[in-house]
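Biologist: Hello! Could you walk me through this model, one question at a time?

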Amino acid sequence: MSVDQRPAPRASDLDRDALLVRLHRAYAEGRLDEPELDERIGRALSARTHDDLDRIAADLPARRTVWTPEPGVSGRLQVAYRSEVRRTGRWRCPETLAVMAHKGGCLLDLRDADLPARVTVWVLAHRSTVRIVVPPGTRVEAGGAGVSTSVTGAPAWDGVTVRVRSLVHRGAAEVTDRPA
């Protein structure tokens, strides 16, 4: 097989996730409309090679950063595209977590998670609900557009702090210490 006949490198889930972030950023910047975003997300999720991914975003500005997970930390990016993502039970939560939901939903249950002293959750949701359940006594700092909190009791001063920063359109980002 000659050099010219080599197949393009296969795309990984991480490669597809990075493109999804790039597509959502382009949508937020007004470079794509909703039907274009939907169509490109579908193509990105079924892309097999790097060439397939490159063709999907060929007319968009070059990506600024590439996200790579640190060893031992999984789930730094949660994406729900016309589906639901649930993180519950025992899991290791990174210090920074991003949730993107488009016509779907997400449940992040932090009550049994291994939490660092400070967690920042970035939420980008369109026609979606993102629900974050924190352990009792957690200090919550929420801000952005489309976020609501319902946390009872006084937070522990030496406990965990969860910061939620959100941008929500036709949906909700809910932070609560009460399970559904």
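Biologist: Are helix 1 and helix 2 roughly parallel or roughly antiparallel to each other?

Modeller: First, a word on the source: this is a predicted model, in which local features need pLDDT of at least 70, side-chain atom pairs count only at pLDDT 80 or more, and totals for chains, interfaces and linings use all residues. Residues are numbered from 1 along each chain as its sequence is written, and side-chain values use heavy atoms, with hydrogens and water left out. Helix 1 and helix 2 (residues 34-46) pack at about 175 degrees with axes 10 Å apart, where axes are lines fitted to C-alpha atoms, for helices over the stretch in contact, and angles run from 0 to 180 degrees between N-to-C directions. Angles under 35 degrees count as roughly parallel, over 145 as roughly antiparallel, 65 to 115 as roughly perpendicular and the rest as oblique, so helix 1 and helix 2 are roughly antiparallel.

Biologist: Which strands stand at the edges of the open sheet?

Modeller: Helices (H or I, at least four residues) and strands (E, at least two) are DSSP runs, numbered from the N terminus, and two strands pair if DSSP finds at least two bridges between them. The five strands have the order 1-3-5-9-7, with parallel pairing. Each edge strand has a single partner, so one side of each is left without a neighbour in the sheet: these are strand 1 (77-81) and strand 7 (139-145).

Biologist: Which residue meets arginine 40 in a salt bridge?

Modeller: A salt bridge is a side-chain nitrogen of Lys or Arg within 4 Å of a carboxyl oxygen of Asp or Glu. Arginine 40 lies in helix 2, and its partner sits 19 residues apart, in the loop between helix 3 and strand 1. At 2.9 Å, N to O, the partner is aspartate 59.

Biologist: Where in the chain is confidence lowest?

Modeller: pLDDT is the predictor's confidence in each residue, from 0 to 100, and the chain averages 81. Helix 3 (residues 50-56) has the highest mean, at 92, while the lowest, at 64, belongs to strand 8 (residues 147-150).
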